[in-house]
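Work through the two exercises below with the sequence and the model at hand, trying each task before reading its solution.

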Amino acid sequence: MSSGPLLTVRDLGVSFTAEEGVVRAVDGVTFDLLPGEVLAVVGESGCGKSVMAMTLMGLTRFPNARFEGTAHYKGLELIDAGEEELRRIRGAEIAMIFQDPMSSLNPVMRVGEQIIEQIQAHEGVPATEARERVAQLLDRVGIPRARDRVDAYPFELSGGMRQRVMIALALSCGPSVLIADEPTTALDVTIQAQILHQIQSLRDETGAAVILVTHDLGVVAEIADRIAVMYAGRIVEQGTVNAIFYDPQHPYTWGLLGSITRVDRARPERLPAIAGLPPSLADRPEGCHFRPRCPHEFDRCRDVPPLVARIDGDDDHLDRCWLPVEEKRERREVRPGEIGLGRKPGAAAA
Amino acid sequence: MSVKAEPGPGDIRRTGASKPLVEVRHLKVFFPIRQGFLVEREVGRVHAVNDVTLGIEQGETLGLVGESGCGKTTLSRAIMRLVDPTKGSIRFRGEDITEAGRRRLEPMRREMQMVFQDPFASLNPRKRVGQIIRMPLRLHGAPRDEAPDRVRELLRRVGLHPEHANRYPHEFSGGQRQRIGVARALALEPSLIVLDEPVSALDVSVQAQIINLLDDLQDDMGLTYLFVAHDLSVVRHISDRIAVMYLGKLMEVSPAQELYSKPIHPYTSALLTAIPIPDPEANRRRGRVAAGGGGTPRGGVAVVGGEPPNPVDPPSGCVFHPRCPRATELCREVEPPLARYRGGHLAACHHPLNVSREETVATTRDPSSPLSAGDVLPDGAAAEGSLGTS
Amino acid sequence: MARFVVRRLLSMLVVLFAVSVLTFLIFNVIPGGDPALRMAGRQPDPAQLERIREDWGFDEPVYVQYLKTMGQLFSGELVSYSTQQNVVAEIGKRLGRTFSLAIGAAIMWMAFATALGLYTAIRAGRLSDRLLTILALVGISMPVFWVGALMNYYLGFKAGIFPNGDYVPLGEDPLEWLYHLILPWTALSLLFIGVYSRVLRSNVLDTLSEDYVRTARAKGLSERRVLVRHVLRNSMIPIVTLWGLDFGAVLGGGAILTEAVFDLQGVGQYVAESVDQLDVPPVLAVTMFGAFFIVLLNTVVDIVYAVLDPRIRLT
Ligand SMILES: Nc1ncnc2c1ncn2[C@@H]1O[C@H](COP(=O)(O)OP(=O)(O)OP(=O)(O)O)[C@@H](O)[C@H]1O
Ligand SMILES: Nc1ncnc2c1ncn2[C@@H]1O[C@H](COP(=O)(O)OP(=O)(O)OP(=O)(O)O)[C@@H](O)[C@H]1O
Ligand code: SF4
Ligand SMILES: [Mg+2]
Ligand SMILES: [Mg+2]
C-alpha cells in the first residue's frame with residue numbers, strides 16, 4: 001500500500017449565485033485523506049459539508065456554481081475533470097452515501113435494480129450474478145428478508161431501511177474512497193453500530209478511506225481517526241480525535257462539544273446551545289466568521305485567521321483562532337468529558 | 001397518591017380527569033404484499049403497527065423510540081390519518097376519527113401538524129420556501145398582508161435567515177430543509193405536532209436550539225408533541241413519557257427519566273447500552289462497534305445482535321425473543337401483556353430487569369395490552385434474573 | 001388489477017348510457033329537430049307527415065324511441081334519417097381513415113414532443129431553448145384549420161410535393177398511405193407537440209433537481225442513461241395522462257377540423273355533416289363510439305400509470 005495521501009484537497013472553494021447574492025458555501029478547504037483513515041467532518045448545519053463532499057465527485061456543477069482550488073485523486077484532478085473521466089470514478093472508486101435517503105432513491109424503480117445499475121455500469125457482470133450480489137449486500141447491511149427486498153420499491157421500506165439500501169449501493173463496487181454523508185442519522189443505535197462496523201470492515205479489508213460527515217459526535221468519537229470541524233464554509237479546526245475532543249482549540253469547537261446531550265449525565269433544564277445564528281453564507285462577517293457569536297473575540301479577529309498548527313510539537317492539530325494557545329486552555333470550560341463555550345475573563349456570570 | 005381512577009390507556013401522568021388529546025386503541029396497520037400481474041394475490045402482510053394502545057395528554061410530550069422499521073412512522077401517520085388503520089380506533093379530543101372522511105378531518109388538520117421524516121420529499125420543489133410556509137396560513141385564512149411577516153418570524157425562530165424565503169427547497173442543506181418542515185408545522189399554531197425525527201439532520205447546537213424552541217412553545221401555548229427519534233439523549237430531554245416500540249408493538253412505556261435509570265424491558269436496556277458516547281477514550285474501552293453491534297455484555301444484557309426481525313411473519317410469543325438474552329420457553333410461546341409497575345411504568349416482558357420481587361408480584365395487567373397477549377404476568381422468581389444470562 | 005378492469009368496464013357502460021341519453025334528448029328538444037319535417041321535403045302535407053311519423057315511430061314516447069334506436073344501433077340496423085344509409089356501415093367505412101390519422105398523429109406528436117421537451121429542458125435558458133420555446137408557442141397558437149389549409153395549398157397544391165387531400169388505405173399501398181397522411185398528421189400534431197413539449201420541459205426541469213438524479217449520476221451512469229431511465233421516466237408520468245385523453249378523443253372522431261381540411265372522409269367529418277343535418281342516428285352512433293374510446297384509453301392510461309409509478313395502486 002502506498003503511504004501517500006489518496007486524496008489531496010487544496011484551497012477548495014465553491015460559490016453559488018443565488019438571489020440573495022453570492023453564497024460562499026465552501027471556502028479555502030484544504031486537507032489530505034490517507035488510505036485507511038476515517039476523517040470525520042462535523043460542523044454547523046448548512047456550513048458546506050455536503051457541498052464540499054459532493055464537489056469532490058463533481059456533483060455540484062450547477063450553472064450557478066463556481067469552483068476554486070484543486071482536488072487530486074490518483075493523478076486525476078477532480079475539480080475540472082471531464083464528465084467521462086468522472087463517470088468512471090463515480091460509484092466505482094469514490095462512492096457516496098447521501099444524506100437524505102428518502103429522496104435519494106428513485107421512487108419508481110426497484111431498489112435492487114438501482115444497485116444493479118451501478119454494478120453493471122462499472123463491471124461486465126451478468127444480470128443474475130449482479131442480482132445475487134445485491135441480495136448479499138442487502139443482507140450484509142442488515143435488511144431483513146433481503147432476498148425479497150431486492151424487488152421492493154423505496155416507498156415500501158422504512159426510512160432506516162432506505163438508508164441501508166443507500167449504504168449497500170455505496171459499498172457495492174468496493175470503492176477506495178467512501179464519502180458518507182450522515183450515514184446513520186435515520187438509524188437506531190443498534191443498526192447504527194452494525195453499519196459503522198461495516199464501514200470499518202470495508203476500511204480494514206480494502207484500505208479504503210472514509211470521509212464521514214455527521215452530526216453525531218458519539219459516532220465520531222467511536223470510529224473517526226481525524227476530525228475536521230467546519231464553520232461557515234471553512235475548516236476552523238482539524239486534528240486527531242483525541243486532540244479535538246480533549247484539547248479543542250477553536251471556540252466554535254468548544255461550543256459544539258458543549259452542546260452535546262449525554263444520557264450518562266444529568267438532564268439539564270435547558271440544552272446548552274451556542275447563542276445567535278450562524279452567518280448567512282452570502283454575507284459572512286469579515287475576518288473570523290465566528291466572531292459575532294464568540295465571547296472571546298478581540299481586535300485581531302477582524303483579520304482572517306489562517307488554518308495553521310499553533311501548538312508546539314503537534315503539527316497535525318490546526319485551527320483558525322487568533323487566541324494564544326495558553327489563553328485558550330485557560331478560558332475554555334472543561335469538565336471531564338464536557339466542554340463549554342467558556343466565558344471571557346471579567347464578564348459577569350449570568 | 002390514592003387516585004383510583006379507571007386505569008385507562010395513557011393515564012400514567014397528569015392523573016387529572018381530563019381526557020387525553022389523542023387516544024389510540026388496539027391500532028393495527030398492515031400493508032398487504034401483493035404479487036402477480038393480472039390476478040394479484042395477497043402473499044403476506046407487513047405488520048407495521050400491531051395492536052398499539054396509547055394516549056397522549058394535552059400538553060404532554062410523548063417520545064417514541066425503537067428500531068428502524070418498527071413502525072414509528074406508520075403509527076404517527078396513522079394518528080394523522082395519513083394511512084388508513086387496518087383495525088382499532090383513533091380519537092382526537094375524544095372524537096373518533098378512525099373513519100372520518102376528508103371533510104370531517106379538514107378542521108382537524110389545522111390542529112394537528114406533522115413534521116415529516118423525509119424533509120425534502122415533503123417540500124414542493126417548485127415552490128419557494130416562503131410560499132411553502134405561507135401556504136397553510138393562507139389556506140386557513142390568515143390575512144394576506146400579515147403572512148410575509150409571519151413567515152420571516154418563523155424562519156428566524158427555527159434559525160434560518162429571513163432572506164432564505166426566496167429560495168427553492170433543493171438549494172438548502174439537509175438540516176435547513178428539516179427546519180423548514182418544522183417552521184411549516186408551527187405556522188398554524190396547532191395543538192398537536194407529530195415530529196418524525198425532526199432534529200436528526202441537525203448539528204448538536206442547532207439541535208439544542210430547536211429542542212429549546214419546542215420546549216418554549218410548549219410552555220407558551222400548551223402544545224402537545226409526539227416526538228419520534230433515534231437519538232435517545234434528545235428524546236430523554238424533551239419527553240415527559242417515552243414509549244419503546246419493537247416490531248409494531250409497544251415494549252415499554254415509562255416516565256422519561258425512569259426509562260434511563262430503570263429500564264425494565266431487555267430491549268430497552270439493549271438500546272441504552274448501544275448509545276454511542278461522545279468520548280473517544282470511553283468508547284475505546286467499551287468497543288461497541290468493534291464487536292459489530294453484538295455481544296458486548298454490560299449489566300447482564302448484551303447489545304442486541306442477531307437477525308433483525310421479519311415484520312411479515314413476526315415471531316410467536318414475545319416478538320423480541322429471538323434476540324433476547326433472557327428468553328425462555330415461556331417467551332417463545334406466550335406473548336407477555338403490558339404489565340403495570342409502580343409509577344405507571346409499563347413493560348411487556350416475562351423476565352423483567354431492574355425490578356424487585358415485591359414490585360413484580362404487585363404488577364397488574366394493563367388494559368392497553370395487546371388483545372393477543374396472554375395473562376401470564378411476570379412473577380418474582382423470574383424477575384430476579386435466575387433465568388437470565390447474568 | 002382484474003377487479004380494476006371489471007370496474008372500469010362497468011363504469012364504461014354507465015358512461016355510454018349517459019352519453020347516449022343526453023345526445024338523444026338534446027336532439028329531441030332542439031327547435032326544428034323534428035326529423036319527419038325534414039324527411040318530408042318542402043311543403044309536406046299533414047297526411048304524409050303523419051305517415052312518416054308512424055313509419056319511423058316518431059309518434060311514440062321519447063323513451064320508446066330511444067330504446068328502439070339503441071336496439072337498432074346495437075343490431076347494426078340503424079339508418080340515417082337524411083340519407084337513409086346504414087349508420088354502422090358508414091362508420092365502418094370511415095374507421096380506417098380516422099384510425100390512420102389518429103394513430104399516426106399520436107405517435108408523431110408524442111415522439112416529437114418528447115424529444116423537444118427533453119432537449120429544451122437540458123438546454124434551459126440557452127438560445128436554442130428560447131428559440132424552440134417560441135416555436136412551441138407558435139405551434140400552440142396556430143389553429144389547425146389554418147395551418148392545414150396553408151400546408152394543403154402551398155405544399156400540396158402549389159408545390160405539389162404532397163398529394164392534395166385524398167386517402168389510400170394502408171392495405172392497398174403502405175407507402176402511398178404514409179405519403180398521403182403526412183400533411184394531416186403534421187397539421188394535427190403541431191398543437192399537441194407545442195403543448196406537450198412545454199409540459200414535459202417543466203417536468204424534466206423539476207425532476208433534474210431531484211436528489212435521486214444526483215444519486216444516479218453518483219453511480220457513474222452515463223448521462224444518457226441518467227436522462228432516460230431516471231429523468232425521463234419520472235417526467236413522463238403526467239404526460240401519459242394527457243396523451244391518453246387526447247388520443248382517445250382523436251380516435252373517437254375528435255379531429256373534425258383536420259379531417260375536414262384534408263377531406264379525409266373520416267368519422268369526425270361524418271359526424272360534422274350529420275350534425276349539420278340534425279341527423280340523430282349518426283350523431284348518436286359516433287358520440288357513443290367516441291365516448292367508448294375515451295373511456296377505454298383512460299383505462300389504459302391508468303394501467304400504464306400504475307406500471308410507471310408503482311406507488312399508485314389500481315382499485
Ligand atoms: N444550489 C444551491 N444554491 C444556493 N445555495 C446553496 C445551494 N446548495 C447549497 N446551498 C447553500 O450552501 C450551504 C451549504 O450547504 P450544505 O448542504 O453543504 O450544508 P451542510 O453542511 O451539509 O449542512 P447540513 O448539516 O444541514 O446538511 C447552505 O447554506 C445551503 O443553503
Ligand atoms: N407503503 C408500504 N407498503 C409496504 N410496507 C410498508 C409501507 N410503509 C411502511 N412499510 C413497512 O412497514 C414497516 C414499518 O415502517 P415505518 O416506516 O413505520 O418504520 P419506522 O419505525 O418509521 O422506521 P425508521 O426509523 O427506519 O423510519 C417496515 O417494515 C416497512 O417496510
Ligand atoms: S419476554 Fe422473554 S423474550 Fe421477551 S424480552 Fe422478556 S425475556 Fe426477552
Ligand atoms: Mg448536509
Ligand atoms: Mg420512520
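This is a predicted model: local features need pLDDT of at least 70, side-chain atom pairs count only at pLDDT 80 or more; totals for chains, interfaces and linings use all residues.

Residues are numbered from 1 along each chain as its sequence is written, chains are lettered from A and ligands numbered from 1 in the order in which they are written, and side-chain values use heavy atoms, with hydrogens and water left out.

**Exercise 1.** Describe the interface of chain B and chain A.

Step 1. In contact (heavy atoms within 4.5 Å) are 70 residues from chain B and 71 residues from chain A.

Step 2. Across this interface there are three salt bridges, each being a side-chain nitrogen of Lys or Arg within 4 Å of a carboxyl oxygen of Asp or Glu; B:Arg167 forms a salt bridge with A:Glu20, with the closest N and O atoms 2.6 Å apart.

Step 3. Among the helices (DSSP runs of H or I, at least four residues), α6(B) gives eight residues, the largest share of the side of chain B that touches chain A.

**Exercise 2.** Which strands of chain B stand at the edges of the open sheet of nine strands?

Step 1. Write out the order, which is β6-β7-β8-β3-β9-β10-β14-β13-β15 in chain B, with mixed pairing; strands are DSSP runs of E, at least two residues, and two of them pair if DSSP finds at least two bridges between them.

Step 2. Read off the ends: β6 (112–115) and β15 (364–365) of chain B each have a single partner strand, so one side of each is left without a neighbour in the sheet.

Step 3. Examine one pairing: β13 (339–341) and β14 (345–347) of chain B are antiparallel over three bridges, and B:Arg340 has B:Leu346 in β14(B) as its bridge partner.
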